[in-house]
Amino acid sequence: MALRDARYPARAVEFLRLWRYQRFYHLEPLRLITARAVRSSLFWVDGVATSSLPADDRGLLLADGVFETLWWDGSRIYYPWAHERRLISGLRVLRFNDPEQQARGALESLQQTLKNGTGSRSGVVRLTLTRGSGPRGYRPPTRAIARAIVAFYPSEPAAFQPVTLGWSEVRWSHQPLYETAKLLARTEQVLAAAESLSQGVDDVLMMDAEGHVISSSCANVLVRFGRQLLTPKLDGSGISGTRLAVIREYVAGRHGASVRDVSLTREDLLDADEVLLCNAVRGVQSAAKLESREWHEFAVGRALNADVGSGRGDA
């Protein structure tokens with residue numbers, strides 16, 4: 001039976017639910033992505049509504065580009081300064097022409113596209129900037145203009161929810177040049193996210209080759225000891241996130257805390273008063289369980305999330 005056959009929509013749904021229950025019985029019930037949900041997503045390439053991409057795009061062929069995941073509340077992007085700063089850094093790492101101008105232009109166009117095209121709905125936005133089309137081979141074309149690919153996924157803001165964590169066997173590679181860049185090639189994170197499914201946890205923590213904690217599969221890590229917030233040093237691995245920047249530069253001080261960059265081990269996390277994850281989609285979440293260690297007090301995580309998740313943490 002072809003699952004996309006319109007004659008059998010209900011049977012296809014029930015088949016998928018039964019298969020998933022038998023295979024992944026330990027996971028929460030699935031909210032199936034239907035054709036209606038797919039249609040509710042919106043896509044633009046260089047400001048034109050389309051889901052098609054040229055086959056010679058270097059981002060597609062060579063991961064030659066950068067991306068940002070942003071939150072749109074129906075009228076504005078949260079913390080555009082943090083996204084702009086990281087976009088500029090990433091384009092500079094990839095040696096794009098005029099990285100400042102291209103990053104700012106892309107964000108300005110993004111704002112206009114979302115205002116005109118989303119009908120005041122809130123949701124998650126993915127902005128991808130590739131080096132555009134080019135000839136075969138690694139050598140980048142000169143004077144390339146970034147191609148902007150925008151995807152919009154309507155959704156409501158994520159509620160504060162403590163999460164369960166595991167450990168990933170995938171290690172971050174070491175490349176100091178990439179420290180400030182969010183590049184397209186995310187193979188390590190894809191493999192780590194797959195591990196979270198197989199382990200039946202919400203997310204997994206990732207280390208570098210020396211055994212230092214770097215991040216989760218999709219978020220920065222903060223560890224609380226009293227009023228001190230510690231975050232992993234990202235001097236050779238990892239990605240410094242926009243919400244981490246907001247917490248570091250604005251929010252932590254309001255709660256009588258400060259953020260320090262240190263080398264963190266597995267034991268540090270297990271001994272912590274609170275383990276926190278942060279990114280643009282989740283906001284701030286506290287860990288409820290890691291190995292046999294359980295946490296039951298999430299006051300700081302809730303407070304940080306209230307500030308960061310409001311979109312006015314930098315006010």
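Biologist: What makes the contact between R58 and D64 a salt bridge?

Modeller: First, keep in mind that this is a predicted model. The side chains of R58 and D64 come to 2.8 Å, N to O. The cut-off is a Lys or Arg nitrogen within 4 Å of an Asp or Glu carboxyl oxygen, so the pair counts as a salt bridge. By that rule the count comes to 15 salt bridges.

Biologist: Why is R58 called buried, and what about D64?

Modeller: Buried means under 20% relative accessible area. R58 has 4% relative accessibility, so it counts as buried. D64 has 7%, so it is buried too.

Biologist: Where does helix α4 lie relative to the strands?

Modeller: Helix α4, residues 80–93, lies across β3 and β4 and runs at about 170° to β3.

Biologist: What makes β3 an edge strand?

Modeller: The open sheet has five strands in the order β2-β1-β5-β4-β3, with antiparallel pairing. Its edge strands are β2 (48–49) and β3 (65–72), each of which pairs on one side only. On its paired side, β3 meets β4, residues 123–130, in the antiparallel sense.

Biologist: How do you know that β3 and β4 really count as paired?

Modeller: The rule asks for at least two bridges, and β3 and β4 have eight, so they pair. One place to look is V66, which stands opposite L129 in β4.

Biologist: Let's move to β12. What makes it a mostly covered strand?

Modeller: Six of the six residues of β12 (274–279) are buried. E274, L276 and C278 point one way, V275, L277 and N279 point the other way, and all are buried.

Biologist: Which strands does β12 pair with?

Modeller: Among its partners is β9, residues 220–225, in the antiparallel sense over five bridges. Another is β13, also antiparallel, over four bridges. A hairpin of three residues joins β12 to β13, and N279 stands opposite G283 in β13.

Biologist: How do you know that R224 and E274 form a salt bridge?

Modeller: Their closest N and O atoms are 3.0 Å apart. That is within the 4 Å limit, so the pair qualifies. R224 is in strand β9 and E274 in strand β12, 50 residues apart, and the pair links these distant parts of the chain. R224 also stands opposite E274 in the strand pairing.

Biologist: What makes the phi of S120 worth a look?

Modeller: Most residues other than glycine have a negative phi. The phi of S120 is near 65°, a positive value in a residue other than glycine. S120 lies in the loop between α5 (99–117) and β4. At 60% relative accessibility, S120 counts as exposed, because exposed means over 50%.

Biologist: Why is E291 called partly exposed, then?

Modeller: E291 has 31% relative accessibility, which falls between the 20% and 50% cut-offs, so it counts as partly exposed. E291 also has a positive phi, near 55°, and its place is the loop between β13 (283–290) and β14 (293–294).

Biologist: One more: which residues make the nonpolar surface patch?

Modeller: L53, L60, L61, L62 and Y138 make it, and the patch is about 540 Å². L60 belongs to helix α3, residues 58–62. At 55% relative accessibility, L60 is over the 50% cut-off, so L60 counts as exposed.

Conventions
Residues numbered from 1 in each chain as written. Predicted model: local features only at pLDDT ≥ 70, side-chain atom pairs only at ≥ 80, totals over all residues. Heavy atoms only, no water. Patch = residues over 30% accessible without salt bridge, like charges linked within 9 Å, V, L, I, M, F, W, Y side chains within 5 Å. Areas by Shrake-Rupley, 256 points an atom, 1.4 Å probe, with all protein chains shown as cover. Helix = DSSP H or I, 4+ residues; strand = E, 2+ residues; numbered from the N terminus. Buried < 20%, exposed > 50% of the residue type's maximum accessible area, 1.4 Å probe, protein only. Contact = heavy atoms within 4.5 Å. Axes fitted to C-alpha atoms, helices over the stretch in contact; angles between N-to-C directions.
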